[in-house]
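Below is a short report on side-chain contacts, a pocket and overall dimensions. Please read it alongside the sequence and the model.

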Amino acid sequence: MAAATDRLGLGATVSTTYYAPYHVARVFATLDNLSDGRVSWNVVTSLNDSEARNFGIDEHLEHDQRYDRADEFLEAVKKLWSSWSDDALLLNKAGGQFADPKKVRYADHRGTWLSVRGPLQVPRSRQGEPVILQAGLSPRGRRFAGRWAEAVFSISPNLDVMRATYQDIKSNVAAAGRAPDETKIFTAVMPVLGETEAIANDRLQYVNSLVHPEVGLSTLSSHSGIDLSAYPLDTTYSEIVGDLGDGHVPSMLQMFSAVAGGADLTLAELGRRYGTNVGFVPQWAGTAQQIADLLIDHFEAGAADGFIISAAHLPGSYDEFVDQVVPLLQERGVFRTDYEGTTLREHLGLNVPDAEAVA
């Protein structure tokens, strides 16, 4: 993708729970240089014991401990990315000098969870270092975002929750001593287009009717850490709570049940709803003009700095959005007509981190 494009931002997901900071720092720094400064790292802390067992560990770390480790992981990675000064490269063939050794330093990180000496083998890219993307919306995840995230992938079911989430994350950024504008918040929406609103609603109803309950339940099981295949499809949420006990129901499953409709919903219905939009992504059915109006209204209402377009079907959803909605947004002056920069940081309006400040 880096070779086939020259402006598109590229991102990949890697967990801080099961990888080493030196490996992650080197991989992303390499990709950032190969793409000429267009890479982002989606930082995750992983979900459940099944993933732990894939890495030879019997039990997943407790939720907040994962973020404690992630905080230190970012400290170590940032030190590695900053082990080269911006002007360290000399590239002096005649004098046989690749870099100034005085401007390449050890990371020498020793902490509670991690130890890494460095320096990194890879110099800084045009954008300094990869953009940090994060999507954890728990209270601990938001504190982590406040300290580290430069872009946040948010999921909220409606405007009020979007706006509250936006304000809370920005307040966490400020509490961490950073300017709120240093973190961009992008919330997910799922537009379904039609020549008329009625046609769009018919299409949405048809697309949702294709979702099999077990597809949604498989994903919900992974996200919640509970094997829901152990229960018949006509089991209600309240019966699952009774079986597990209130203290053993993950907060994510509690939130989804509340948004979906409550304790009397069966697993079949929960699976269908989770399979349509992962439970929380708002589905907007309408004409291109209506979708453009909704995006602008939500942006101006302080719900997001931008939007993640979640596809109801592939590849048609993206083709329709680009062909029908983007030109309307451009006409309204809220979507670029051309790239003004070359790096992902420039696209997002983010500053280049100061290597010397970290060092």
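The structure holds seven aromatic pairs. Here rings of Phe, Tyr and Trp (its six-membered ring) pair if their centres lie within 6.5 Å; planes under 30 degrees apart count as stacked, over 60 as edge-to-face and the rest as tilted. The rings of Tyr-18 and Phe-55 are stacked, because their centres are 4.8 Å apart and their planes stand at 5°. This pair links distant parts of the chain, 37 residues apart. Tyr-18 sits in the loop between strand E1 (10–15) and helix H1 (21–34). Phe-55 sits in the loop between helix H2 (49–54) and helix H3 (63–81). Helices (H or I, at least four residues) and strands (E, at least two) are DSSP runs, numbered from the N terminus.

Tyr-18 is buried at 12% relative accessible area, whereas Phe-55 is partly exposed at 36%. The cut-offs are under 20% relative accessible area for buried, over 50% for exposed, and partly exposed in between (1.4 Å probe, protein chains only).

Trp-84 and Phe-98 make an edge-to-face pair, with ring centres 6.3 Å apart and planes at 80°. Trp-84 lies in the loop between H3 and strand E3 (89–92), and Phe-98 in strand E4 (residues 97–99), so the pair ties together parts that are 14 residues apart in sequence. Trp-84 is buried, with a relative accessibility of 7%. Elsewhere, one aromatic cluster is formed by Phe-28, Trp-41, Phe-73 and Trp-81.

This is a predicted model: local features need pLDDT of at least 70, side-chain atom pairs count only at pLDDT 80 or more, and totals for chains, interfaces and linings use all residues. Residues are numbered from 1 along each chain as its sequence is written, and side-chain values use heavy atoms, with hydrogens and water left out.

Next, the charged contacts. A search of the whole structure finds 20 salt bridges. Each is a side-chain nitrogen of Lys or Arg within 4 Å of a carboxyl oxygen of Asp or Glu.

| Lys-103 and Asp-87 | 2.8 Å | Lys-103, 27% | Asp-87, 45% |

Arg-272 and Glu-269 both belong to helix H10 (residues 267–277). They are three residues apart, about one turn of the helix. A network of salt bridges links Asp-68, Asp-71, Glu-75, Arg-140 and Arg-147.

A pocket is an open set of points on a 1 Å grid over the protein atoms alone, where a 1.4 Å probe fits, with protein on both sides within 12 Å along at least five of seven lines; lining residues have an atom within 4 Å of a point.

In the second largest pocket, 34 residues form the lining. Phe-186, Phe-307, Phe-335, Arg-336 and Leu-348 lie nearest its centre. Among the elements that give two or more residues are E1, strand E9 (184–193), E11 and helix H13 (344–348). Helix H12 (316–331) is also one of them, and H12 gives the most, with five residues. By class, the lining has 23 nonpolar, six polar and five charged residues. Ala, Val, Leu, Ile, Met, Phe, Trp, Tyr, Cys and Pro count as nonpolar, Asp, Glu, Lys and Arg as charged, and the others, Gly among them, as polar.

Last, the whole chain. The protein chain has 14 helices and 11 strands. Of its 359 residues, 45% count as buried. The C-alpha trace spans about 75 × 55 × 35 Å along its principal axes.
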